[in-house]
Every structure is written in C-alpha cells, then in structure tokens.
10 protein chains.
Amino acid sequence: MQCFFVHITCRLGRTYEVAAKLADREIASEIHSISGEYDLLAKFYLAPGEDVGRFIAENLHDVDGVERTVTTITFKAF
Amino acid sequence: MQCFFVHITCRLGRTYEVAAKLADREIASEIHSISGEYDLLAKFYLAPGEDVGRFIAENLHDVDGVERTVTTITFKAF
Amino acid sequence: MQCFFVHITCRLGRTYEVAAKLADREIASEIHSISGEYDLLAKFYLAPGEDVGRFIAENLHDVDGVERTVTTITFKAF
Amino acid sequence: MQCFFVHITCRLGRTYEVAAKLADREIASEIHSISGEYDLLAKFYLAPGEDVGRFIAENLHDVDGVERTVTTITFKAF
Amino acid sequence: MQCFFVHITCRLGRTYEVAAKLADREIASEIHSISGEYDLLAKFYLAPGEDVGRFIAENLHDVDGVERTVTTITFKAF
Amino acid sequence: MQCFFVHITCRLGRTYEVAAKLADREIASEIHSISGEYDLLAKFYLAPGEDVGRFIAENLHDVDGVERTVTTITFKAF
Amino acid sequence: MQCFFVHITCRLGRTYEVAAKLADREIASEIHSISGEYDLLAKFYLAPGEDVGRFIAENLHDVDGVERTVTTITFKAF
Amino acid sequence: MQCFFVHITCRLGRTYEVAAKLADREIASEIHSISGEYDLLAKFYLAPGEDVGRFIAENLHDVDGVERTVTTITFKAF
Amino acid sequence: MQCFFVHITCRLGRTYEVAAKLADREIASEIHSISGEYDLLAKFYLAPGEDVGRFIAENLHDVDGVERTVTTITFKAF
Amino acid sequence: MQCFFVHITCRLGRTYEVAAKLADREIASEIHSISGEYDLLAKFYLAPGEDVGRFIAENLHDVDGVERTVTTITFKAF
C-alpha cells in the first residue's frame, strides 16, 4: 500500500466540520487536528498504482471548508 | 493544566476590538498586543485531556475580526 | 496518550542510518522517509503529562546524524 | 513594567540545559519548552525605561547553548 | 530546442481538469500531477528563439483553473 | 514505473562536475542545469515498490559536491 | 519617549496619498517612501507608557489605502 | 542619472499587455519578460534628485494588469 | 542628501559592541537596537552621488561582529 | 543573443572586490551594486545555444568572494 500524509488548511472555524466530514467518508487512516500553521494532518493508504493526485482532488478538495492541501509521500516505513 | 499560546492576526484596525471581546469571555490567562507580524499573543490553560483544537475553533475563530491563528503548545514550564 | 509528529532533517546521506537507529530504540510508533524538504517523519505516543520537549531532547537530538527537528502536537484524532 | 517575550533556538539537544540555566538566574517570569520551530519561549519583565536589547545581550546571549533569539514586545495586557 | 519546466498551482479541485485541457492541446512534452506545494509540473520544448514568456501567457495562463505558474529554464541536458 | 524529480543544490562551482558524475552512473532519465535557486533538476524512474528515499541516499547524497536535495513525486503522467 | 518604526504596505498606487494623509496628521516623526517590499517606513515617538498597539490601530490602520503594517520597537539609541 | 530595477508581478495572462503598455510610454530603459516568480523586470533611469517612489506610483502602479512591484536601487555601475 | 536605513544582524551577544563601534565612528545619523529578527537599525545620510554600496562595504562590513546587512533606500521624506 | 541576469551574494565586505574582478574579465554587460538582500546584479549576453549554466560555473562561481548566485533568464525585450 502507498502511504501518504496531507496537511490541510481550513477556512476559519471550519476545522472540526472538515475533519468530521472526512471521518464520515472513512477514507483516511488517521485524521488529527494539530498545532502550528496547518489545521489538520491526515494519513491515507492507497493500493499500489492508484493515483494519489486524483484521490486528493476527488476526496479532499471537494470538501466544503478545505482551503489548501500539501501532500507528503512516504517512501518506506521503518 | 495544559498551557498554550496563540498568535492572532486581526483584520486591519480590529485588533483592540478582538482583544476586548476575548477579554470579555474570560477564557484567556493573558492577552497582549505585540510588535512584529502578528497583532495579538494570548495564553490559555485547559484541563488535561481537553481538546485544544476544538477550543480554538469554538472560542477564537468565531470572534469577528480574527483572520488567522497559529497555535504553540508548551511542554514544560521551568 | 499524547500523540505527536516530528519532522527530521538529517545530515546528507545519513537519513536511513538515523531511521534505523530510531527504529532500534523502539520509541517511535511510526518512522517514514518522505518526499519534500524533510527527510523523516516520525510519530510518537507519550503517557499524558510526560514532557514532549525532554523526550525529543533525550531521544532524538542525541542521535548522530540528526540536524534539526520540528515538532507538531496532535489535539484530537477523528 | 515592560513585558516582552523571547523565542529561543538552542543547539541540538541543549534545550533543557539552556532552560535550566535561565531558570537558575531567576530573571524570567516564565520559561516554556514549546512545539514548532523554536525550542523555548520565555517571558520577562523589566522596569520602565530599562534597555531590553542590553538585557537580552547580557542575560540570554551569553548562555552557552543559545543559538538565536527573536524578541517580541508587548504593548498592552488586556 | 529550448526545454523548460513550469510548476502550476490550480484552483482547489481543478488540477485534473487543467491537466486534461493541457494534454488536449498537445503542447506539453510531459504533464505530471505532483507531491508538495504545486499541483502540476509540465515540461515544454520550443524552437530556439521562440518566446517562452508569450508561450506561457497564451497557452497556460488562459486555461481556466490555472492560478499561478513558476517557470524554470533548462540550460543543458546531461 | 515510479517517476520522481529531484532538485539539487551543489557546492559553488561544482554543478557540472556533479551533473557529469550523475550522468556517468546512468541512473537518471534526465539531468538539467537550470535557472533559479537550484542548480540541477533530475528525473528518475524506479520499479514500483522500490524505495525512493534509499535510492536518493545511496545514489545522490554520496556524490561529492551535492549539498541538498528536494524530492518531488509524480502521481500521474497526462 | 518610546521610539518605534512601522513598515507600511499600501494598496497599489496609493502610497503617496497614504503618506500625505499621515503627514497631515502630524503624528509621525519621519515618513519615507522606500525601496524593497514595503512602500513606506515611518518613525513615531510616544510618551513612556503610552500604548503603541492602540496608537497604530487608531492612527494608521484607519487610513484608507493602508493594507498591512509591521511594527519594530527600538530599545536604545546609540 | 539614478538607475533602478523593478520586478513586476502581473495578473494571470496579462504580462505581455502590461509590457506593451509600458513600452508605449517610453519611460523604461529596458523591459524583459523573465523566468522565476516575477513576470517582468524593467530598468529605469531618473535624473538625480527625482523621486523614484512617486515615479513608480504614477507610471507603473496605474497600469492596468500590474499586481505588485518590488524596487531595487543600484548604487554604482562597474 | 541621500538617506538610507540598514538592518544589521550581529553575532550572538555582540550587538551592543557593534553599536558602540558604529557610534564611535560618528557616521550614522541614528543607531537603534530593535525588536524582531534583526539586532540593529541604523540610518545614514550621504551626499548626493556618493556610493551607498561602497560606504556599507567600507564602514559597516568591516566592523567585527557584523554578520549580515540589508539596505533600504528612502526616496522621499514627507 | 541570450540575455540573463544574475543576483550575487558576496562574503561580508567583499562586494566591491568581486565586482571589480568581474569587471576586469569583461564578460558582463552590466554590473551594479544594489539595495536589498543581494549585493550585486549583473547582466550577461551569450550567443544563442551557449550554455548559461556552464558560463556561470566557470566565470562567476570561481571568483573568490562569491557566496551564492541566482539566475534569471529573459525571454523577450520590449
């Protein structure tokens, strides 16, 4: 499985609503509200060969309240 | 108690109105107007296990005039 | 349990040696090599009330090859 | 009293030693180890008219293990 | 031929639509959706002496959904 | 095949020596010297499931003259 | 007297109008149009104990054409 | 003569229109479309003592399609 | 007279020594220790046509303890 | 001819020595000492098809006192 993280910035005051919507979709392995500049950090697994970019566009960018996402790919888990 | 700081950017000219509203709510341990890029620096205490992210969303992000917040968690006081 | 993430920058070419040393210590819940500016992303759990700052200083900063760390605290898992 | 905050970056693994030395000097009102890019956040009070820049140079910059400081002045406490 | 790369930021959720429109125009040598801060990375070849700036203004900036582009020129392929 | 790009910063004046060494290894699909902040942009293909992080550590970070690398993963080619 | 500087960003083409309005108020010790990222740099003096934050909110942020300000406090004049 | 450079960011797709308007005014010594983050780089000469800030506000900021400018002053030509 | 400002970063703990050396030279119109990222902000006046770059190289960069300077030119005083 | 600009950062106090050396080589069309973060801005012309990256490595990076360069390519002169 391909594992990746997405840092998510939400519109002001919408963080928990966005997190709840993502949780309802049951597509994320983990969703955390976090300290610092971003609002949420989510971890996802996709089957090898699946398209991470399309997944994000179709499953994260369409959630009302999401403002910006930055994707980090993992190469290996130790 | 969990202690954390929040740097707050306000809409132009709204800094003291935001600070006054926060002060009225009596939720912050300290609120300062400050030099530099941010307008306000506030310190909060929550009971252990309380959700800092929800607290910020419900008590800071709903204040009219707040534009952006960045949260810093403290680990230990010396 | 308190869950937090640490982004780690390693000295050039030392990333996998650092990751292996961290894995040997069995203190991290997850260690990933990652795309982008940082080399590693690790997830840790500490008992409530334990000192995250001391943990990082004593268990991550003493690993030869680590150059810089940035800590992100999670507030809530959805 | 003039209140100001100083964000402190320490040399790798020296954060708690720096914090302890500062605490021993009994010059800070608060010292916290923190999440994010900086290692420590300290709050100080000086008598009106005292020189904040000289205070930092003489009391913080001479502490072995300190690498960089950024000073934020408070204008008003609400 | 002059080879150059363009990093493209798209409006939220429009990345694959933009990529498809670019692909339909058959002007890019390669178009990739990517990790990190940008959404797409495209490679183009122009005949020597052709105007890269005009090409981008006329062929990329007019695509609905494109928000910002950053151009990198290649000097030599090894 | 997994396709990824690496932006490479070299030590002053070592860019073409680094590019030549990389070319000699015949591991990159493309190597370009480029405009802007970075010195080289290289494209690589790995078999699915191969570890990009280890590849970079073992094949790029060991090249004398390389100072820093930033890795961008591609998700889909259009 | 407390001396401080304010870097001011104005809306496009409004710099000299903003500077003239500030000059008319006769509150600044100096106002300069400047090179670089900001449009204006102004120096102010307040009586000791006066609130710099309130002064900026009431005297600078209410000037039509001001977009953003960053405040730098001086500690000592040599 | 005082020589200075201005980096110009234009609204998406308006770069060449802005450049043409500037060229029509015959006030710039050079106008280039460029690689990287900015769209145009222009060089100007003013008589000694002329006000660079006013020149930019009146001759560049009023051009429709200009979004932001950053000014660099030259001290000496070698 | 040409008026310009220089932001100065000093080596840790050397700020007041640098400021004193600059004051002894009697070349600056003003020298302030300041809040924020830089240590000192100095204002200088040169006769029209004098070379600001050479002045900085010969009078500021040779002061032991100076680490970096950023120069801002003023266009007009209001 | 291919026209490009190079921003040059020099080691502290070496700016005019670097500029003089570059001027002696008679390879630059223009060399300016400048305001802001960089020390020098130079303009070069190369014959079409000549390698800008190699030119910079061989003619700029070998000048003692140069610390870093950033290259901007021009596409079209208006």
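One thing before we start. This is a predicted model. Keep that in mind throughout.

Let's begin with chains A and C. In general, two copies of a chain are related by a rotation about an axis and a shift along it. What rotation superposes chain C on chain A? The rotation is 180°, with 0.0 Å of shift along its axis, and the RMSD is 0.0 Å. That is the relation of a two-fold axis. Both copies use the same surface: 100% of the contact residues of chain C recur in chain A.

Now the interface itself. Count the residues: 24 of chain C are in contact with 24 of chain A. The size of an interface is often given as the accessible area lost when the parts come together. Here, chain C and chain A bury about 2000 Å² between them. Of that area, 66% is on carbon and sulfur atoms. Which residues of chain C lose the most area to chain A? They are His32(C), Ser35(C) and Phe78(C), and together they make up 30% of what that side buries.

Where do the two chains join up? Look at strand 4 of chain A, residues 66-77. Strand 4 of chain A pairs with strand 2 of chain C over three bridges, in the antiparallel sense. Find Lys76(A): its bridge partner is Ser33(C). Then find Thr74(A), which stands opposite Ile34(C).

Stay on strand 2 of chain C, residues 30-34. Is this strand mostly covered or mostly open? It is mostly covered: five of its five residues are buried. Glu30(C), His32(C) and Ile34(C) point one way. Ile31(C) and Ser33(C) point the other way. Strand 2 of chain C also pairs with strand 3 of chain C, residues 40-46, over four antiparallel bridges. Within that pairing, Glu30(C) has Lys43(C) as its partner.

Now chains E and F. Here eight strands close into a barrel, and the order is 1(E)-3(E)-2(E)-4(F)-1(F)-3(F)-2(F)-4(E). This pairing is antiparallel too. The twist averages 35° from one strand to the next. Three bridges join strand 4 of chain E to strand 2 of chain F. Lys76(E) stands opposite Ser33(F) there. Helix 2 of chain E packs on the sheet, touching strands 1, 3 and 4 of chain E.

On to helix 2 of chain I, residues 52-59. How many of its eight residues are buried? Six are. The buried ones are Val52(I), Gly53(I), Phe55(I), Ile56(I), Ala57(I) and Asn59(I). What covers them? The cover includes strand 4 of chain H and helix 1 of chain J. It also includes strands 1, 3 and 4 and helix 1 of chain I. At the N-terminal end, Asp51(I) caps the helix. A side-chain oxygen of Asp51(I) lies 2.9 Å from the backbone nitrogen of Gly53(I).

Some chains do not touch. No contact joins chain A and chain I, and their closest C-alpha atoms lie 19 Å apart. Chains D and J have no contact either, with closest C-alpha atoms 20 Å apart.

Last stop: His32(J). This residue lies in strand 2 of chain J. Why does His32(J) count as buried? Because its relative accessibility is 4%, and the cut-off for buried is under 20%. The side chains of His32(J) and Glu30(J) are joined by a polar contact of 2.8 Å. His32(J) is also in contact with residues of chain H, among them Cys3(H), Phe5(H) and Phe78(H). In chain J, its contacts include Asp39(J), Leu40(J) and Leu41(J).

That's the tour. Thank you.

Conventions:
Residues are numbered from 1 along each chain as its sequence is written. Chains are lettered from A and ligands numbered from 1 in the order in which they are written. This is a predicted model: local features need pLDDT of at least 70, side-chain atom pairs count only at pLDDT 80 or more; totals for chains, interfaces and linings use all residues. Side-chain values use heavy atoms; hydrogens and water are left out. Copies are superposed by least squares on the C-alpha atoms of residues with pLDDT of at least 70 in both. Contact means heavy atoms within 4.5 Å. Two strands pair if DSSP finds at least two bridges between them. Helices (H or I, at least four residues) and strands (E, at least two) are DSSP runs, numbered from the N terminus. Axes are lines fitted to C-alpha atoms, for helices over the stretch in contact, and angles run from 0 to 180 degrees between N-to-C directions. Buried means under 20% relative accessible area, exposed over 50%, partly exposed in between (1.4 Å probe, protein chains only). A polar contact is a pair of N or O atoms within 3.5 Å; within protein, one must be able to donate a hydrogen and the other to accept it, and residues adjacent in sequence count only if both atoms are side-chain atoms. Buried area is the accessible area (1.4 Å probe) that two parts lose on being put together, summed over both. Lists of a residue's contacts leave out its neighbours within four places in sequence.
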